[in-house]
Amino acid sequence: MVNSPAKKSSVDKRQKIMDAAVHVFAKQGFYNSTVADVARMADVADGTIYLYFKNKDDLLISIFEHSIQFFIGSAYEELKGAKNAVDKLKKFVYLHLKLVQNNPHLAHVIQVELRQSAKFVKEYANEKFFEYLNIVRSVIEEGQQQGLFKKSLNPTLVKRAIFGAIDEMALEWVLMNKKRYSIEEAAKELCLLFIEGMMERKE
């Protein structure tokens with residue numbers, strides 16, 4: 001089904017506003033930024049923002065939803081060519097950290113500014129985030145079925161541990177003024193840590 005020109009224009013304007021907000025929030029900080037600042041950067045009237053977003057918090061959360069949806073789509077595509085669960089986990093970790101490296105303003109907003117939104121921290125339940133976690137869970141379960149990962153592992157717990165490690169590495173990368181290591185090194189070390197710990201040992 002082809003989108004109408006009016007609908008496409010609406011989607012484009014919404015994306016334009018989110019792109020502007022990423023730039024403003026990354027540069028000025030979420031709390032120091034106003035809707036007027038975003039409108040100015042997006043070259044739209046202040047009132048236009050409210051046609052697409054309820055408020056500044058809603059705009060921030062929408063940026064998060066859009067970014068995680070993009071990552072999920074990229075992850076499914078990336079994992080298609082993996083030969084086994086170990087290869088999938090490596091690809092997943094590398095993809096996440098590579099996107100952080102390639103999108104520094106967005107990474108700063110997601111890793112730093114999003115945590116400052118009380119609405120997000122206390123009230124927000126995002127199904128897409130759980131879909132992200134369940135990609136990791138499915139990889140672990142696949143590895144167990146393939147005899148690569150220990151049967152004793154609890155995939156529900158391990159998926160959280162892996163996400164936490166990736167998230168912490170991404171946060172440090174964003175906050176480092178001088179990069180002391182490459183994204184490739186970070187991904188390699190994380191994979192070595194988790195994969196070595198999860199591997200089923202053959203007697």
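The following legends describe close-up views of a predicted model.

**Figure 1. The largest pocket of the predicted model and the residues around its centre**. This pocket has a volume of about 870 Å³. Its lining is made up of 32 residues. Those lying nearest the centre are Phe 64, Ser 67, Ile 68, Ile 110 and Gln 111. By class, the lining comprises 21 nonpolar, seven polar and four charged residues.

**Figure 2. Helices that contribute to the lining of the largest pocket**. With a volume of about 870 Å³, the largest pocket receives two or more lining residues from each of helix 1 (5-28), helix 4 (56-79), helix 5 (85-102), helix 6 (104-113), helix 7 (118-123), helix 8 (127-145) and helix 9 (155-175). The largest share comes from helix 4, which supplies seven residues.

**Figure 3. The aromatic pair Phe 71 and Phe 92**. In the structure as a whole, 10 aromatic pairs are found. In the pair shown, the ring centres of Phe 71 and Phe 92 are 5.3 Å apart and the ring planes stand at 85°, so the arrangement is edge-to-face. Phe 71 belongs to helix 4 and Phe 92 to helix 5, so the contact ties together parts of the chain that are 21 residues apart in sequence. Phe 71 has a relative accessible area of 6% and is therefore buried, the limit for this class being under 20%. Phe 92 is likewise classed as buried, at 2% relative accessibility.

**Figure 4. The aromatic cluster that includes Phe 71 and Phe 92**. Two of the members, Phe 71 and Phe 92, are the buried residues of the edge-to-face pair.

**Figure 5. The aromatic pair Trp 173 and Tyr 181**. The ring centres of Trp 173 and Tyr 181 lie 6.2 Å apart. Because the planes of the two rings are at 45°, the pair is tilted, an angle over 60 degrees being required for edge-to-face and one under 30 degrees for stacked. Trp 173 is buried, its relative accessible area being 10%. Tyr 181 is also buried, with a value of 18%.

**Figure 6. A lysine charge over the ring of Phe 30**. The charged end of Lys 56 is positioned over the aromatic ring of Phe 30. The distance from this charged end to the ring centre is 4.5 Å.

**Figure 7. The salt bridge between Lys 80 and Glu 77**. The structure contains six salt bridges, among them the one formed by Lys 80 and Glu 77. The closest N and O atoms of these two residues are 3.2 Å apart. Lys 80 counts as exposed, since its relative accessibility is 63% and the exposed class begins over 50%.

**Figure 8. The salt bridge between Lys 88 and Glu 142**. The side chains of Lys 88 and Glu 142 meet with an N to O distance of 2.8 Å. Lys 88 lies in helix 5 and Glu 142 in helix 8, and the pair links distant parts of the chain, 54 residues apart. Lys 88 is buried, with a relative accessible area of 18%, whereas Glu 142 is partly exposed at 21%. The two residues fall into separate classes because buried means under 20% relative accessible area.

**Figure 9. The salt bridge between Lys 98 and Glu 184**. The closest N and O atoms of Lys 98 and Glu 184 are separated by 3.4 Å. This bridge links distant parts of the chain, with Lys 98 in helix 5 and Glu 184 in helix 10 (residues 183-198), 86 residues apart. Lys 98 is partly exposed, at 23% relative accessibility. Glu 184 is partly exposed as well, at 36%.

**Figure 10. The largest cavity and its lining**. One cavity of 30 Å³ or more is found in the whole structure. The space within the largest cavity amounts to about 40 Å³. Its lining consists of Leu 89, Val 93, Ile 162, Ile 166, Leu 190, Cys 191 and Phe 194. Helix 5, helix 9 and helix 10 each give two or more residues to this lining, and helix 10 gives the most, with three. The lining has seven nonpolar residues and no polar or charged ones.

Notes
Residues are numbered from 1 along each chain as its sequence is written. This is a predicted model: local features need pLDDT of at least 70, side-chain atom pairs count only at pLDDT 80 or more; totals for chains, interfaces and linings use all residues. Side-chain values use heavy atoms; hydrogens and water are left out. On a 1 Å grid over the protein atoms alone, a cavity is a set of points where a 1.4 Å probe fits but cannot get out, and a pocket is an open set with protein on both sides within 12 Å along at least five of seven lines; lining residues have an atom within 4 Å of a point. Grid points are joined across faces, edges and corners, and a volume is the space filled by probe spheres set on the points. Helices (H or I, at least four residues) and strands (E, at least two) are DSSP runs, numbered from the N terminus. Ala, Val, Leu, Ile, Met, Phe, Trp, Tyr, Cys and Pro count as nonpolar, Asp, Glu, Lys and Arg as charged, and the others, Gly among them, as polar. Rings of Phe, Tyr and Trp (its six-membered ring) pair if their centres lie within 6.5 Å; planes under 30 degrees apart count as stacked, over 60 as edge-to-face and the rest as tilted. Buried means under 20% relative accessible area, exposed over 50%, partly exposed in between (1.4 Å probe, protein chains only). A charge sits over a ring if NZ of Lys or CZ of Arg is within 6 Å of the ring centre and within 35 degrees of the ring normal. A salt bridge is a side-chain nitrogen of Lys or Arg within 4 Å of a carboxyl oxygen of Asp or Glu.
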